[in-house]
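Please read them with the structure open.

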Amino acid sequence: MIEARHLRVLRAVASTGSFSAAGRELGCTQPAVSQQMKALESSVGTPLLVRTGREMRLTQAGEALVRHAAGIIAGLTAAEEEVAAIAGLRAGRVRLVSFPSGSSTLVPTALAALRAAHPGTRVSLEEAEPPNSVELLREGDCDVALAFRYEGAAGAEEWDDLVVRPLLTDRLVALVPEGHRLARTEGAVAIGELARESWIAGCPRCRGQLVEVCEGAGFSPRIDFATDDYPAVVGLVGAGLGVAVLPQLAVESVRPRGVRTVTLEPAVRREIVALTLPDLAQVPAVTATLDELARAGVRQSSAR
């Protein structure tokens with residue numbers, strides 16, 4: 001295998017005409033230059049120099065290698081500079097996938113801080129709900145995935161192969177119309193008090209959690225409307241068409257009008273996390289993104 005350091009020595013010998021002159025140019029001894037040239041000739045399996053007294057003349061193979069060496073060394077230098085820029089966060093790219101309420105709350109704060117600290121790092125954003133977002137990460141289609149899981153839910157081991165950065169704990173709250181009998185209730189309300197209501201359900205995973213919680217309280221919710229769009233959920237509740245249960249982060253991601261939030265008992269929480277692969281966790285730009293997402297989670301929690 002040809003080594004870049006040997007190519008640099010060959011170019012120096014070709015340009016100066018001797019081992020000693022090449023050593024002076026490179027800042028090393030004449031024997032060191034001779035040893036590296038022998039190693040290079042051994043690697044390529046053919047002589048590269050013809051030694052005539054104190055002068056050196058390139059063989060045909062030596063001329064060909066010198067001709068290619070300039071481009072090879074230039075390419076390696078450019079690669080070294082680019083890698084150094086990425087390692088130093090002067091450059092880099094992170095592909096981020098987030099669920100919608102995370103995209104509108106945690107992500108903007110985190111990416112603004114990341115851009116201010118490391119303007120050379122670029123982050124792209126796509127939206128996907130877990131478990132799809134987690135699969136995108138495992139398949140190599142993103143570098144960081146925002147995801148969530150409900151406390152006590154089955155499948156807690158589903159992230160065992162990933163690096164998990166906790167961001168915040170998000171509690172489910174009920175949404176009722178402003179004129180609802182529970183709208184101005186102080187303190188928590190048992191979810192069973194909403195058993196006879198019409199329900200508006202959210203995303204499929206949240207919908208499944210709603211049914212599970214209601215059945216745990218002894219009733220099955222009558223779901224009249226279902227939509228993945230949180231503003232639509234809020235609008236339907238505000239119009240008096242039913243009640244809903246949403247994560248607090250989802251409520252904070254929209255401007256709720258005509259509705260009231262009610263604290264529920266028993267408390268149902270979901271864990272919001274940022275996920276990445278173990279190898280990607282060593283990449284400086286990914287680490288910086290995870291750090292800013294964690295800070296955004298702290299700020300979001302403090303603002304409640």
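1. A residue is called buried here when its relative accessible area is under 20%. Tyr150 comes out at 6% relative accessibility, so Tyr150 counts as buried. Bear in mind throughout that this is a predicted model.

2. How many aromatic pairs does the structure hold? There are two. One is made by Phe99 and Phe148, with 5.1 Å from centre to centre and 85° between the planes, an edge-to-face arrangement. This pair links distant parts of the chain: Phe99 sits in the loop between β3 (92-98) and α5 (100-117), while Phe148 belongs to strand β5 (residues 144-150), 49 residues apart. Both Phe99 and Phe148 are buried. For Phe148 the relative accessibility is 0%, which is why Phe148 counts as buried.

3. Phe148 also pairs with Tyr150, again edge-to-face, at 6.0 Å between centres and with 80° between the planes. Through these ring pairs, Phe99, Phe148 and Tyr150 are linked into a cluster. What sits over the ring of Phe148? It is the charged end of Arg270, 4.3 Å from the ring centre.

4. Thr105 is a residue of helix α5. Its relative accessible area is 8%, so Thr105 is buried. The Thr105 side chain reaches the backbone oxygen of Ser101 at 2.5 Å. An α-helix has 3.6 residues a turn, so residues three or four places apart point the same way. With residues up to four places away in sequence left out, Thr105 touches Leu249, Glu252, Ser253 and Gln300.

5. Two packed helices are described by the angle between their axes and the distance between the axes. For helix α2 (residues 19-26) and helix α3 (residues 30-44), the angle is about 105° and the axes are 8 Å apart. The two helices are therefore roughly perpendicular. On the α2 side the meeting residues are Phe19, Ser20, Ala22 and Gly23; on the α3 side they are Gln30, Val33, Ser34 and Met37.

6. Which residues of α2 are buried? They are Phe19, Ala21, Ala22 and Gly23. The elements that these buried residues pack against are α1 (4-16), α3, β1 (49-52) and β2 (55-58). After α2 comes Gly27, with a positive phi near 80°.

7. Gly297 is part of helix α10 (residues 284-302). With a relative accessible area of 0%, Gly297 is therefore buried. Gly297 touches Leu106, Leu167 and Leu168, again not counting residues up to four places away in sequence. How far apart in space are Gly297 and Glu41? Their C-alpha atoms are 59 Å apart, and the two residues are separated by 256 residues in sequence.

8. His180 lies in the loop between β6 (163-177) and β7 (189-190). The side chain of His180 makes a polar contact of 2.8 Å with that of Glu197. Leaving aside neighbours within four places in sequence, the contacts of His180 are Leu194, Glu197 and Val243.

9. Most residues other than glycine have a negative phi, and most peptide bonds are trans. The bond joining Pro130 and Pro131 is a cis peptide bond, with omega about 10°. Pro131 is in the loop between β4 (121-127) and α6 (132-138). The peptide bond from Glu265 to Pro266 is cis as well, with omega near 0°. Pro266 is placed in the loop between β11 (259-265) and β12 (269-276).

10. Which residue has a positive phi although it is not a glycine? Leu89 does, with a phi of about 60°. Leu89 is found in the loop between α4 (60-87) and β3. Its relative accessibility is 15%, so Leu89 counts as buried.

Conventions:
Residues are numbered from 1 along each chain as its sequence is written. This is a predicted model: local features need pLDDT of at least 70, side-chain atom pairs count only at pLDDT 80 or more; totals for chains, interfaces and linings use all residues. Side-chain values use heavy atoms; hydrogens and water are left out. Rings of Phe, Tyr and Trp (its six-membered ring) pair if their centres lie within 6.5 Å; planes under 30 degrees apart count as stacked, over 60 as edge-to-face and the rest as tilted. Helices (H or I, at least four residues) and strands (E, at least two) are DSSP runs, numbered from the N terminus. Buried means under 20% relative accessible area, exposed over 50%, partly exposed in between (1.4 Å probe, protein chains only). A charge sits over a ring if NZ of Lys or CZ of Arg is within 6 Å of the ring centre and within 35 degrees of the ring normal. A polar contact is a pair of N or O atoms within 3.5 Å; within protein, one must be able to donate a hydrogen and the other to accept it, and residues adjacent in sequence count only if both atoms are side-chain atoms. Contact means heavy atoms within 4.5 Å. Axes are lines fitted to C-alpha atoms, for helices over the stretch in contact, and angles run from 0 to 180 degrees between N-to-C directions. Angles under 35 degrees count as roughly parallel, over 145 as roughly antiparallel, 65 to 115 as roughly perpendicular and the rest as oblique.
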